[in-house]
Amino acid sequence: MPELEEPKWLSGAVGYEIYIRSFADGTGTGIGDLIGLHDRLDHLAWLGVDIVWITPFFSSPMADHGYDVADYTGVDPLFGDIEDLDRVIERCRELALRVVIDIVPNHTSMAHSWFEAALADPAGPYRDYYLWRDPADDGGPPNNWISHFGGPAWTLDEKSGQYYCHLFLPEQPDLNWRNPAVRREFVDILEFWFERGVDGIRIDVAHALIKDEQFRDNPRHPDTADLVDPRDVFHSFEHTYDLLQPESLDIYREWREVADRYDAALIGETYVLDVPKLAKLLAGDGLHVGFWFSTMSMRWDAHSIRHTLREPAEGIGHRVGWVQSSHDESRPVARFGGGDLGRRRSLGLCVMLMGLPGVTFLYQGEELGLDDADVPVELRDDPIATRNAGATGRDVCRTPMPWEPGPNLGFSTADHTWLPVGHEQSDTVAAQREDPSSHLRQMRSLLELRHGLVGMTDIVEWPSTPPELVAFTRDDHTFVLNATDQPVQWTPGGEWQIVYRTAGQPGESGPVIELAANEAAVARAH
Ligand code: NOJ
């Protein structure tokens, strides 16, 4: 099948995830909002970002900080109103930034009027918007599916005696995507936002919308009884029946027709760690881009890194959404060893992600090289942490963005912020802008380099290297990462000039590429 026309602006773009609660507070409530975001957009333009992805700002009881949506076309007063959003979109236009919003189609909030109607009238039309089953013979949940956030994926509605399905919190009932009425609702929602000037959507849990029609039990891996974190428990099952059902692609084909009318992009939060399976959601006419999350769990060694990058690069190419951080995971600096070591490695990986075809996303604070923040147990707010004893949760990567020295590091004028400000003055945007060797300035130069690559071939070669290195070439550029704690030399053949490096100044040329420990470099054939 010939590929449909893609939004041209997507090709080679750099995205930036804004976790709205923690980006900038413009109204002094201690929680980030749209006015705050509007006033800080210049930072993103200065950095060289092309796409701004804003996490949910819709009306919500906030049981999962906005991923429990009560009205898909309304702005929650906590974040402002629709005019504030219009101003954000307008300012993004002025700064040549594309706007991607976060649509959450797998589930609604239980405060959504559809679910309220489904509860109130089991014989009414909204009942079938959700997934209901009778109890098992013993009165318990109808199958062994479990929630990402702890406990069974089923909650009993005592009034009707039936269970409803929720792959996340009980406050987030899953929609029934086999119901054509649900599909029509979302086509209207997409049209509403595209008409308003939004350039694309990030689709929350894009791999989960359709469930097995017979609701069969998932197989479970043995020896997983002592797991504490509910997400580990979730991954101790084979998700044969609750995730990745083949009919999902039909939904995205339908959405693609809508998106194409507006030159808009469909970007899936596809937690699918298998390239051929992920490719099925993309096909030629499905999602434009699917996130590749194996970077979040790979080990720091050349073999794992090469494997993690090469497989999707070869199997999916320009449709990969490269990420190494998000509002759901421990920050890469922490994962890769913490402090300066973690920062060096994370920037090195970023060089590789920026060199490959596809769309590369940064998560707010990644440009500053932020480490995880220390959030004391009593201040944690993520339901994973507050509802599961012993689980750390996701607050460590969600603390307020550090902007400048001063109260709350410039995030808010409030006495109290929703999570503690977990960083130092030296981490702030203002401090790092002044320092030519800062992480922020290195990131900015990297984005400049990335923009120079637009128009390059999507064909990537993986030359053989010393085993400590990961390297690929695209046209006349070679991207190389030393994944060890020792310096390494490489003589790839020919003459090279270093145009970017993460430790030291670029500029040298010659047949040998020398890399410091955990350093990445970009070399151009000379
Ligand atoms: C993925 C989102 O990124 C996460 O923050 C959220 O909790 C779940 N989906 C449920 O919507």
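**Group meeting: a walk through the predicted chain**

Okay, let's start with contacts: of those in the chain between residues at least 6 apart in sequence, 68% join residues at least 24 apart. And before I go on, remember that this is a predicted model.

So what's in there? The secondary structure comes to 14 helices and 20 strands. If you look at the C-alpha trace along its principal axes, it spans about 75 × 50 × 50 Å. Buried residues make up 59% of the 526.

Now, two helices. H5 covers residues 180-195, and with 16 residues at 1.5 Å each it should span 22 Å; the end C-alpha atoms sit 23 Å apart, which agrees. At its start, a side-chain oxygen of Asn 179 comes to within 2.9 Å of the backbone nitrogen of Ala 181. Ala 181 is also one of the buried residues of H5, along with others including Arg 183, Glu 185, Phe 186, Leu 190 and Trp 193. Keep in mind that an α-helix has 3.6 residues a turn, so residues three or four places apart point the same way. After H5 comes Gly 197, with a positive phi near 110 degrees.

H14 is residues 439-453, so to speak our other example: 15 residues, reaching 21 Å from first C-alpha to last, close to the 21 Å expected. Its buried residues include His 439, Gln 442, Met 443, Leu 446 and Arg 450. H14 is followed by a glycine too, Gly 455, whose phi is positive and near 100 degrees.

Most residues other than glycine have a negative phi. Which residues go positive without being glycine? Val 205 does, with phi near 35 degrees, and Asn 408 does, with phi near 50 degrees. Val 205 is in the loop between strand S9 and helix H6, while Asn 408 is in the loop between helices H12 and H13. Buried or exposed, you ask, for Val 205? Buried, since its relative accessibility is 5%. Asn 408 comes in at 18%, and with the cut-off for buried at under 20%, Asn 408 counts as buried as well.

Last bit: salt bridges. How many does the structure hold? There are 35. Take Arg 127 and Asp 157, whose closest N and O atoms are 3.6 Å apart. Arg 127 is in the loop between H4 and S6 and Asp 157 is in strand S7, 30 residues apart, so to speak distant parts of the chain. Arg 127 is buried at 6% relative accessible area, and Asp 157 is buried at 10%.

Then there's Asp 485 with Arg 345, at 3.1 Å from N to O. That pair links parts 140 residues apart: Asp 485 in the loop between S15 and S16, Arg 345 in helix H11. Here Asp 485 is partly exposed at 46%, whereas Arg 345 counts as buried at 11%.

And finally Asp 382 with Arg 394, at 2.8 Å. Asp 382 lies in the loop between S13 and H12 and Arg 394 in the loop between H12 and H13, so the pair ties together parts twelve residues apart in sequence. Both are buried. They also belong to a network of salt bridges that links them with Asp 64, Asp 328 and Arg 398.

Note on methods. Residues are numbered from 1 along each chain as its sequence is written. This is a predicted model: local features need pLDDT of at least 70, side-chain atom pairs count only at pLDDT 80 or more; totals for chains, interfaces and linings use all residues. Side-chain values use heavy atoms; hydrogens and water are left out. Helices (H or I, at least four residues) and strands (E, at least two) are DSSP runs, numbered from the N terminus. The expected span of a helix is 1.5 Å times one less than its number of residues. Buried means under 20% relative accessible area, exposed over 50%, partly exposed in between (1.4 Å probe, protein chains only). A polar contact is a pair of N or O atoms within 3.5 Å; within protein, one must be able to donate a hydrogen and the other to accept it, and residues adjacent in sequence count only if both atoms are side-chain atoms. Contact means heavy atoms within 4.5 Å. A salt bridge is a side-chain nitrogen of Lys or Arg within 4 Å of a carboxyl oxygen of Asp or Glu.
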